[in-house]
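Dear colleague,

I am handing over the structure below, and my notes on it follow. Please read them with the structure open beside you.

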There are 6 protein chains.
Amino acid sequence: MPLFDLPPAQLRSYESDLTEPADFDAFWDATIAEARAFPLAATFMPVENMLTVIDSFDVTFAGFGGDPVKGWLHLPANRARGEKLPVVVQYIGYSGGRGLVQQDTGWAQAGYAHFIMDTRGQGYGGLLGDTPDPHASAGGTAHPGLMTRGIDSREDYYYRRAYVDSFRAIEAAQAHPEIDPGRVIVSGISQGGGLTIAASGLAAGRLDGVIAVMPDVPFLQDFPRSIDIAGRGPYPEIATYLKRRRHDYDAALEVLNYFDGVHLARRCTAPALYSAAGQDDICPPSTVYGSFNAYGSAAPVQPGKDIEYYRFNNHEGGQEHQWIRQLRYVADLLAG
Amino acid sequence: MPLFDLPPAQLRSYESDLTEPADFDAFWDATIAEARAFPLAATFMPVENMLTVIDSFDVTFAGFGGDPVKGWLHLPANRARGEKLPVVVQYIGYSGGRGLVQQDTGWAQAGYAHFIMDTRGQGYGGLLGDTPDPHASAGGTAHPGLMTRGIDSREDYYYRRAYVDSFRAIEAAQAHPEIDPGRVIVSGISQGGGLTIAASGLAAGRLDGVIAVMPDVPFLQDFPRSIDIAGRGPYPEIATYLKRRRHDYDAALEVLNYFDGVHLARRCTAPALYSAAGQDDICPPSTVYGSFNAYGSAAPVQPGKDIEYYRFNNHEGGQEHQWIRQLRYVADLLAG
Amino acid sequence: MPLFDLPPAQLRSYESDLTEPADFDAFWDATIAEARAFPLAATFMPVENMLTVIDSFDVTFAGFGGDPVKGWLHLPANRARGEKLPVVVQYIGYSGGRGLVQQDTGWAQAGYAHFIMDTRGQGYGGLLGDTPDPHASAGGTAHPGLMTRGIDSREDYYYRRAYVDSFRAIEAAQAHPEIDPGRVIVSGISQGGGLTIAASGLAAGRLDGVIAVMPDVPFLQDFPRSIDIAGRGPYPEIATYLKRRRHDYDAALEVLNYFDGVHLARRCTAPALYSAAGQDDICPPSTVYGSFNAYGSAAPVQPGKDIEYYRFNNHEGGQEHQWIRQLRYVADLLAG
Amino acid sequence: MPLFDLPPAQLRSYESDLTEPADFDAFWDATIAEARAFPLAATFMPVENMLTVIDSFDVTFAGFGGDPVKGWLHLPANRARGEKLPVVVQYIGYSGGRGLVQQDTGWAQAGYAHFIMDTRGQGYGGLLGDTPDPHASAGGTAHPGLMTRGIDSREDYYYRRAYVDSFRAIEAAQAHPEIDPGRVIVSGISQGGGLTIAASGLAAGRLDGVIAVMPDVPFLQDFPRSIDIAGRGPYPEIATYLKRRRHDYDAALEVLNYFDGVHLARRCTAPALYSAAGQDDICPPSTVYGSFNAYGSAAPVQPGKDIEYYRFNNHEGGQEHQWIRQLRYVADLLAG
Amino acid sequence: MPLFDLPPAQLRSYESDLTEPADFDAFWDATIAEARAFPLAATFMPVENMLTVIDSFDVTFAGFGGDPVKGWLHLPANRARGEKLPVVVQYIGYSGGRGLVQQDTGWAQAGYAHFIMDTRGQGYGGLLGDTPDPHASAGGTAHPGLMTRGIDSREDYYYRRAYVDSFRAIEAAQAHPEIDPGRVIVSGISQGGGLTIAASGLAAGRLDGVIAVMPDVPFLQDFPRSIDIAGRGPYPEIATYLKRRRHDYDAALEVLNYFDGVHLARRCTAPALYSAAGQDDICPPSTVYGSFNAYGSAAPVQPGKDIEYYRFNNHEGGQEHQWIRQLRYVADLLAG
Amino acid sequence: MPLFDLPPAQLRSYESDLTEPADFDAFWDATIAEARAFPLAATFMPVENMLTVIDSFDVTFAGFGGDPVKGWLHLPANRARGEKLPVVVQYIGYSGGRGLVQQDTGWAQAGYAHFIMDTRGQGYGGLLGDTPDPHASAGGTAHPGLMTRGIDSREDYYYRRAYVDSFRAIEAAQAHPEIDPGRVIVSGISQGGGLTIAASGLAAGRLDGVIAVMPDVPFLQDFPRSIDIAGRGPYPEIATYLKRRRHDYDAALEVLNYFDGVHLARRCTAPALYSAAGQDDICPPSTVYGSFNAYGSAAPVQPGKDIEYYRFNNHEGGQEHQWIRQLRYVADLLAG
C-alpha cells in the first residue's frame, strides 16, 4: 500500500495541536481517588500451565468501581528464591483478552516477572478474555465495539474504566511478594500501547516505581486526527457512530479529550521506547509521533525517549524485532 | 451473484430438521408470566411531527424486566373520531431503532393506526433508537453486536428480552383507546420479520387479537443452518464468536434453540404473508422457507399462508412492491 | 474511509476556476425557446394510491422536443378547498425514476403540493421510471449509462434534454389549478440536486415563481474536477469513456461546460439551502462547495444561502436530518 | 478460483432442457426476409494501415433495417491475384467494436481474407466502434448496456438487430470479388462466439457457403441457466434488470427464448470447433456445453464437431493456443 | 464465509480416490539412499537468545544433495543433566523459515527438546529463513513461489528436496547427545503438517524412533482435488501455472503424484493427531480428511489416530487450543 | 480511480532527486566487458509459424554469463531481397516471455525486422517464455517474483543479468545478415520499457546503431519513489520483502541504485518517445516523468525527446494508439 500519512521527515517534527481540558488533572485526581476507595484485593492463584520452566498464577484485583479484573502472572521456575524480580506489566490489543495461560510467557522466559492484564468487556477477538464490563452504560445504543460505549459523558466513557484498571494493574503487580515494586516496566501493543501510556501518565505524581514505558504502535492517541484519517480498526467505530449521530461531533470530541493519550504522554516521567509503522492505517504514524513528540514534555525533568520507525509495515509494526529491541532496552536500563 | 442456496423448486418443499426443546412452552410460559408481573404502563405523548396529515405520539411501555421501551404511534389526522382503527404493529431490522418521528408513516397514510416498536440496545445503524438494554449481561465479552450477548444462558440471551418486548408491544398497542384490540396486524422486515413471528408465536394461546402476520425476509429462523450458510449480516456474528470459542458450539446451539423462529412459527394461528429473496445471503431463502413451511402446523387449525419469492433480489427483498402486496392483503382480509 | 477531499476549512473558501463559454446564455435562450415552441400540455389524472390521507395524480407534460415526460402530483387529502398550495418540485437521483405512486409522499404529508418529475431514460435503478429518451443519439456508442450519451455535441448531449425537462416541470406544476404558481420550491438529492440547480438557473430571467432552491449533495457541478477525483458513481462513466477515447478530452470538456451546474448556480436568484458530505466520493464536497460558493453571484441581488456539512457521511448525506432541516427552512420562509 | 460449475465429466453429457418457441423458425424467416428487403449495398474502401504486408478496406453494408454497419476487410498483400480466397468472418466480444484498422490482422497474415464486423451500439469497451444502433427503443429505460435494450418485445430486442447484422455480414463478405463465397469460416470469442452460432444457425437453409463454425467460450447460450449462475459480465445485466422489474421474469424469458444460441446451434449444418473454460464465470462452461451438445442435432446430417476444454481458465479461455488450434483446424478442413 | 467444502458428516467418511504410482516406494528408496550418501554432519552451536529459562542452539545439517539446512534446537535450561529428552521436531508453514531464535520455544517450555527445521528457499513470509535452495532448477520459468519449481520432472520438483530435508531433520535431532532417539514426535501446521506426514511416511521402514505424528490443517494432501477447490494460498500457484501452461496438466499431476501426502500417510506407523478446519479454503477439510482417513492403512498394524475438527475456522485452525490438545496428547502418550 | 500521483502540470517539471553511485559507469564497464568475454553465438533457425506473410526465426544468443537467451525474429515475407531492414528490438513486460511465435508480428507487418527478446526466468505470466535464469542466487530466500532475487549484492541482482541480456540482444539483432546494424530502434512496454532504457543507456559509448528509443509506461525508474508509492505490480515485491527484512532498506536501495533507469536514461543519446499514464499505480507517472525529464541530459548532445500522456489510463497506457504513434514516429525518423 502506498504511503498515506506523513513522510518520515515530517513525522519526526510533527506536533499535535490538541488543547487539553482545563480540569484534566482534576478529573483524573477524582477518578483515581474514587477507584482507590475500593480495596485492591489482589490475589494470585497458582494455575497448571503444562510448562516446566514457567510458574503461572491466575490474578484477580479490583479495578474501576471495585469490579474484579483478571490477569496472569508468570515467573521463571528457575528464579532465585528470595530475590525480588523486576516486572513487565503488559496490556493487550483491542478486542483481545489475557488469552490462555500458556499463550504468552515471553518476559518470564527472559527472567522477569510477567504480568498480563485482561481488558474488561473484550476477549472476543484474537485472544480470549474473562473480565466483563458490568457497568450500567454497557447496554446503551453504542456502535458495536467498545469505542463509543458511554461516549455521552466522561464519567461513563468506557476508557475511564479501562484506564483505571490499567493503573490499578501496576498496583496489583507491586503487591506480589516476589516482585520489586520499584522496578516496573509497562508495555503493550496498539490498545496495549495506549493503556501503557495511560497507566504511566496517570502514575505520574500518583504512584512510584514505573521505570520504563514501551508503547508499540499505540492506539488512543490524538483522537480528532485519528478518527479523520484511520481507515481500518477501532477508530472508525467512532466515525461510523458520528455518521449516524450527525450532531454529536463536538460533544463526543469534548469527552474524548479527557482520554487522549497525547495529554497523558506529556505527563509521563519515565524513559520511553515507542514504535510506529509507516503504512499503519489503524494507528496512523502521525498520531503516534504526535504522542511521542509530546512525551514527557510536562514532566519535571524531560525523560529520555526513543522510537523505532518501521517504514513498510502496517499495524503489525516491528513484531519479534521490536521485542528484541525491548529486551535489550530493558536489560541496558536495569544494568544502569 | 449466482444462486448460492436451494433453487425455487426445492425451496417450496424444504423442511427444517430442527427439534425443539421439550420444555419450550414451559420456558416461554414462565418468561411471559414474569414479564406480565410488571405493569404495562403504556403512555402515548403527542409529539410535533411537522406533518399536517398524520398525528404522532411518543410511546413508552414496560418491556422485559419492566424496562421502558420506546415507540411511535401514528394516526391519520383525518380519521373518524369515535371509530377504533385496526393497527399495524411494526418491528425494525437489525441495528436500527424507531428512527425519527417523520421517517415512516406508511400504514397511517393508508388509514391504519401505525405502531413502531424501538428495539432495545439497537438504533446505531440506519435508524436511530432511544431504548437501552439495561441488563447485567450487556457488558460481557460477547462479539460486537447483539447476537451473542448473553448467549451463555437462555435466561440471559438478548433475544429473550427482545421477544418479550415484541409481545408486550402488541399489548401496548391494544391499550390505546383509538385502537381496536381485536384487529392487530404484525409486520416487519428482516429482524423485524423475526420479531413478527416471535410475537405472534408467543401470542398463540396467550393473547388474542392478532389477525395477520407479515414477516418479510425474516431473520432468526433456523439458527443451525443459518450460521452455517449466511455470508453477511448478523448471523456471522455467532459463527465468528464460535470461531474463537471453539468448544461452545453445542451449548450455544442449545440456547438458540429456545429462540428459533421455526418453533415459534409452528405455533402461530393467524393468516400469514411471508416474503423470501432468492439471492439473500443475509437471511438465506431456505431458512425463510423452513419457517414458512412450518408456519401454523402446530396450531389447532392450520391458518392460511402465502409467500412472495423474489428470485434475483438479495436481502432488500420486495421493498415497495411487497408493501403494496401487503396493503392489498390487509385490505382484503379486513374486507373479509 | 479517510478524508480524501479538502478539509472543512478549505471547503468553505473553495472557488472553482471554471470559465464559462461566451455564448452560454445564448445557447440556453435558444434551447428554452425551442422547447417552449411545443405546447406544455400538462395533464393530471387521478390515480388510486391505496392511501387515505393523500390524493395522487399521474402527470404528463411536454418536455424537450415535446416528448411526453411523466410525474406524480400528491396533495394532502385534508387540504382546504379553494386555497392554492405552495408546491415542492422534486427531481430524482441518477438511475432512478418517479417510482411507484406510494413511494414518496413526504412533502404532501407536510401540507404542500408535492410534484415528482420522472427522469427520461432512467428508472432502471432504485426507483422505477416510465419516461423513455426517444432521441436519435440514444443508440450511439456511448459508455453504458447516460453520462456520455450524445457527448459529441452540445445539441445532442443527454443533459440538454434533462435540463429542459426540469425547467418545464416547474411550468407544469404551476399549471395545476390548486397550486400557487408564485410559491415554487425546487429540491432534489444528487442528480436531483443538479437538476434543482439547473432548473433554477434556467428559470432566472425566464420564469417567475421559484422562491427556494434546495439541492442536496448535488451532482453535475464542476465537471473537470469531478471527473478527476470522483471514485464512484456516474462521474467515472465520463472518465472511463475518455480512457478509451483518449483524444476526446478537450472536446468533451467543451461540451460539458455548457451544462456545468457551477455556471447555472451563479445565475440563481432565490434563497438556497445546500448540503454536502465530507466523505462523499460520488459527488465530492469540493465540487458542491464550488457550486455553493458561486451560487447567486451573478444574480441582480445576491440571494441568501446556507449549507449543511455532514463530516463523516458519504453520498447518503444528511438523509432524514436534512429533510427536517428543509421542512423548517421552508416553513420559516413561507412564514416570512 | 474454485470450480463453481459442473465438473468435466458432467459437462460432457450435459443437456440443456430449454424448449424452443413453436414459431421460432417463422419468426426468423420473417425477420431475415424483412432485412433482405433492403439492398445489401456492401462497399469496400481502401484504407491506409501503415502495414506493408496487409491490404485493408473500410467496409460498409446494410444490416437490420438497412442501417449502415461497418467492418474491416484485410487481405494479404502478397496474395495471388485472380485467385479467390477463403474468408474468415469474425465477430467481436461484448462492448467492443471493430477497433483500429491495424489491431487484428491475424487471419490475413495466415493467408485468408479476414472480415471483421463492427457491432452496433458497442465499441465503448476494449475496442473502439463506429456503428450506432439507430433504433427507436435505444433510449428506453433499460439497464445500462445492451442486454435489456428492447427486452419488452421480440421485435425490439437488441439482439434481433445484431443477429441480422451478423447474417448480413456473411453476405457482405461473399460479395467481395476476391473472396470465394463457397468457403466462409465464421468465428468469434464470447459475444463473437454467440454471433458466430447465430449467423450460422440463421444461415442454415437460408444461405450457402458456411463451411466451418468456430465459437470460443460463446455468450448468448441457454439464457435461463446463464442468468441464474453467471457471476460477472453481461448476463448479470439481465438479472439486475429483473431485480428491479420483479414481475417481468416470465415475459423477459419468453422474449429471450427467440434468441437463445442453443436453438440456433441445433440448426447449424457446418463442422464446428468450440472452446469452453472450466472457471469461466462470465460464460459458464455448462452453458457452452449445453450449446455444443445440441449443435447440429436438428441438421439434416449431424455435422462433425469438436471442443477444447481449458480447465483452469476463466473467460480468457484458450487465447493464442485456441487460435493455433483453429489455424490447424481450418487448414486441415480446406486441405480436405 | 459459508461452508464451501463437504459438511462434517461426509468428511468423516470421505475417501480420496487417488491411485499411487507403481514405483512410488522405489522412487523414494532411491531418493533417500542418494541423500544418505552425504554425511549428515549435524552441528549444534550455542546461541545467545536473551532468555534465562531456555538454552538455544543454531543447527546445521546436510539435507538433500548434501546442502546445508539450518534449524534451531531449544532445551529447557532447568533440564536434568544426564537424562535424554524426548524431542518435538517441528516443520514450518509455507513461505516461513525458522524465524528468530526467540520466536517459538513452546515445546522446550513444556520440558521437551524442541527442534525447528528451516525450509529451503523460503523464509520470505511471516518468519525469516536462512536456508537457500541451491538447485539448478530454481531459476526456471516457474510461477512465483515454490509450488511449481521444477515441476517438469519428479527428480527436480522442489518438494523432493524439502521432503528429504524433513526426513534428515529427524536424523539430525536424533544425533544430539541430550535427545532420546527413540522418542521423536513430529509436528507442524499447514506445510509444516505436510512435511510432518512426509517425514513420517518416509521414515516408515527406513528410520526408527518416530512415536507420534501431529499434522495440523496439513498442506500437500490430495493434489488433484486441492488444486481444483482451494481458493487461496499456495495450491492456486499450481492452478495458475497450468492456466498458462494449458497442455501440461497431465504431466504435472503425474509428477505431483510422487509427492502426495495421501500416499505417504498410508505408510505411516506411529499414532497420529490431526486437525482440520471447516472453513479452510487454503487446505480444504476434505483434502485433510482424505489424508486422515487413509492414514496408517498400509502399515503392518493400523496405528491409533484422532482428529480435531474446527467447524467455523479457516486456515488458522485450532491455534492455541490445538497446541494444548497436543501437549496433553504427547504427555499421555509418554506416560503410556 | 481518482488521481493519486502528481497532476499533469507538476509532472512536466518533476525532477527526480536521485544521486547516482560514484562508480556507476565503472560497474557497468566491467559488467559489459565480462559479458562480451563470451562469444555472442547468435543463431536464427527458421520456424513454421502458419503465417504466409511473415517469416519467423527462433533466435538464441549468449546473454549474461554466456547463458543462452531465446527470442523471435520476424521478417516480412515480401521484403526486397538484398536490402537490409531497419530492426525494432522489443523487450517484454514483467512476468511474460517471448510468447508463441505467432503472437506478435506487428513491426514485421509494418515492413521492419522485428526482434523479440525472451526475459530470463520469466514467461509464467501472460506470455510464455523459454529462457531459465541459471544463476546460483536464484534459489535464495527472495520474495516470490524476480524483484528481490539476489538483491543482497549488485553482482547477484537479477536485473544485472537482464540488463546485460537486453544489451546483447541489440548485438544479436545486428548480427543478422538481413538487418541494417545502423538502424536499430528499441522499444518495450512496462518492464520492456525499462529494458529499453537500460539497453540504450548501456549502449551509449559502448555500441553504435541505436537510432530511437521508445519506452512505454516504463518500469524500473526511480526505485526509492516507486517502492514508496506504487500500489500494485512488481514494485511492491520490494516493499513487501523489506517489510519482513526490516533492517535491509538502506542496503537494498544502495544495490538498486546501480540499476535505476533514471541514471541510464541520462546517458542515452538517441531520440526518444516515451509514454506515461495518469492513473498508473503500477508504474506511477511521476517516476516515468522523472526518467523522461532526465533523459539524455548526460549525453554529449541532448537528443530530441517527446512523451505522450494518457490522463485517464492506468498501466495499460496508450495501447494501440501508442503503437500507431510509434509507427508514425519511426517512419518520420527514417524518412529523415
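How many salt bridges does the rule find across the interface of chain E and chain D? It finds three, where a salt bridge is a side-chain nitrogen of Lys or Arg within 4 Å of a carboxyl oxygen of Asp or Glu.

Before going further, please keep in mind that this is a predicted model, in which local features need pLDDT of at least 70 and side-chain atom pairs count only at pLDDT 80 or more, while totals for chains, interfaces and linings use all residues. Residues are numbered from 1 along each chain as its sequence is written, chains are lettered from A and ligands numbered from 1 in the order in which they are written, and side-chain values use heavy atoms, with hydrogens and water left out.

To begin with the interface, 11 residues of chain E are in contact (heavy atoms within 4.5 Å) with 13 residues of chain D. The two chains bury about 1,100 Å² between them, 51% of it on carbon and sulfur atoms; buried area is the accessible area (1.4 Å probe) that two parts lose on being put together, summed over both. In chain E, the residues that lose the most area to chain D are Asp228(E), Lys243(E) and Arg246(E), which together make up 52% of what that side buries. Lys243(E) also forms a salt bridge with Glu316(D), through their side chains, at 3.9 Å from N to O. Helices α6 (223-229) and α7 (235-244) of chain E each supply at least two residues of the side that touches chain D, and α7(E) gives the most, with four residues. Helices (H or I, at least four residues) and strands (E, at least two) are DSSP runs, numbered from the N terminus.

Turning to chain D, you will find an open sheet of nine strands in the order β1-β2-β3-β5-β4-β6-β7-β8-β9, with mixed pairing, where two strands pair if DSSP finds at least two bridges between them. Because β1 (43-47) and β9 (305-310) of chain D stand at the edges with a single partner strand each, one side of each is left without a neighbour in the sheet. Strands β6 (residues 179-189) and β7 (residues 210-216) of chain D run parallel and are joined by six bridges, and Ile185(D) has Ala212(D) in β7(D) as its bridge partner.

With best wishes
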